Amino acid sequence: MTLKDKNITKVESTTIASWALAVCRTIDASGASSQKILDELAIDPSVLIDPNARLPVSQMTLLWRKAVTLTGDEAIGLKVANFVQPTSFNALSFSLLVSESLNDAWVRVKRYYSIISNVLEMDIEHGEHESALCFNKIAGRHYADEAIDAFMATSYLMAFQVSHGQIIPYRLELERRQPFDSKPFNDLFNCPIKYAANSNKIYYSNTALQRPFPSANRQLALSNDEAIQAYFQTISQQAFSKKVTEAITFSMTLGNPLRDTVAQSFHMSSRNLQRKLRQEGTSFSELVENVRKELAIKYLANNQLAVIDISFRLGFKDPSNFTRAFKRWHGLSPLQYKQRHKVK
């Protein structure tokens, strides 16, 4: 197995699904339809309202790209921040609102940032007169520029609103290239912005960082910290079979997922992988079948995918094998299923 093979079979980075919900609401508010994009990306809309659901970052990146293309809005990430709700990031959002200060809120964000996404690392850079909230890129992982725009806008709006307009950024640095129209960025942040920077940072004066939040409630903050910790442990200690399912889903895009290859992505032998799955009452072949069964329905909803394309995407070398499998799952051929369910 080559180094390249090892890299592509790693379990993919994920982000909380509520980000996708905010993106879709922004698209709909622009007058376009987010449902079309969800269908193209085979994203089940019910996932977006599940507070514990997560999406692969690669899928989110495609969602961002299609959102820009569909709306023609290069600054759509800034607008997404307007659709982030207090419950968007599980208990973390509310905990930030009742933090003692922006500095206190930053500490919480740094501690639990992987709840939101694990494609970036969050850090706090302290200076003599100013400090920065930093979103550092992890080598080998990729993200959409619009995602960073949304992170920055959300960070700014949260502090601005909670402080009743008293806390504003000092300056901003973005890795992204300068947009063709910088006015939406200038209007929102109202501070100097450096594009094509080495990192993504939003700076505040140290005085602003220590300014007490009017909504501060230490007891509520600590109570919410407990809820955050419980959710954090949940996503950190997922059932092994769920992690394998995620790896299979990702590998499916590269061809037929092999048990040995997936096992190596978890740094274990094929035998140990099977043993751990048996302990959870399942097997590798059963998980592969479940993934294929679920993706087949989603792909059939995509008007642009022919049955032969779907069969190859699901790792079937012969479309007839896919048809037989689909009949076993649903009692109908793929074409019959499309007709009966009016999937045109």
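Q: Is T282 buried or exposed in this predicted model?
A: Let's start with where to look: T282 sits in the loop between helix 15 (270-279) and helix 16 (284-300). A residue counts as buried when its relative accessible area is under 20%. The relative accessible area of T282 is 11%, so T282 is buried.

Q: Which residues does T282 touch, not counting residues up to four places away in sequence?
A: Stay with the loop between helix 15 and helix 16, where T282 is found. Leaving out residues up to four places away in sequence, the contacts of T282 are S241, L277 and L287.

Q: Which residues of helix 16 are buried?
A: Here is a handy idea to keep in mind as you look. An α-helix has 3.6 residues a turn, so residues three or four places apart point the same way. In helix 16, the buried residues are F284, L287, V288, V291, R292, L295, A296, Y299 and L300.

Q: How many Å does helix 16 reach from its first C-alpha to its last?
A: Helix 16 has 17 residues, and at 1.5 Å a residue the expected reach is 24 Å. The model comes close to that expectation, with a reach from first C-alpha to last of 24 Å.

Q: How many of the 8 residues of strand 4 are buried?
A: Strand 4 covers residues 130-137, and it pairs in the antiparallel sense with strand 3 (residues 120-126) over 7 bridges. It also pairs in the antiparallel sense with strand 7 (residues 200-205), over 6 bridges. Strand 4 is mostly covered, and its number of buried residues is 6.

Q: Which residue in strand 7 is the bridge partner of F135?
A: F135 belongs to strand 4, where it stands opposite M122. Strand 3 and strand 4 are joined by a hairpin through 3 residues. Turning to strand 7, the bridge partner of F135 is N200.

Q: What is the volume of the largest cavity?
A: Now let's look for empty space. Rolling a probe the size of a water molecule over the atoms shows where empty space is left. Counting cavities of 30 Å³ or more gives 1, and the largest cavity has a volume of about 140 Å³.

Q: Which helix gives the most to the lining of the largest cavity?
A: The lining has 14 residues, with T15, M60, W64, A147 and F151 nearest the centre of the cavity. The elements that give two or more residues to this lining are helix 5 (57-71) and helix 9 (145-162). With 4 residues, the element that gives the most is helix 5.

Q: How many residues of the lining of the largest cavity are nonpolar?
A: The lining holds no charged residues, and 3 of its residues are polar. The number that are nonpolar is 11.

Definitions and conventions. Residues numbered from 1 in each chain as written. Predicted model: local features only at pLDDT ≥ 70, side-chain atom pairs only at ≥ 80, totals over all residues. Heavy atoms only, no water. 1 Å grid on protein atoms, 1.4 Å probe; cavity = no way out; pocket = protein on both sides within 12 Å on 5 of 7 lines; lining within 4 Å. Points joined across faces, edges and corners; volume = space filled by probe spheres on them. Nonpolar A, V, L, I, M, F, W, Y, C, P; charged D, E, K, R; others polar. Buried < 20%, exposed > 50% of the residue type's maximum accessible area, 1.4 Å probe, protein only. Contact = heavy atoms within 4.5 Å. Expected span 1.5 Å × (residues − 1). Pairing = 2+ DSSP bridges.
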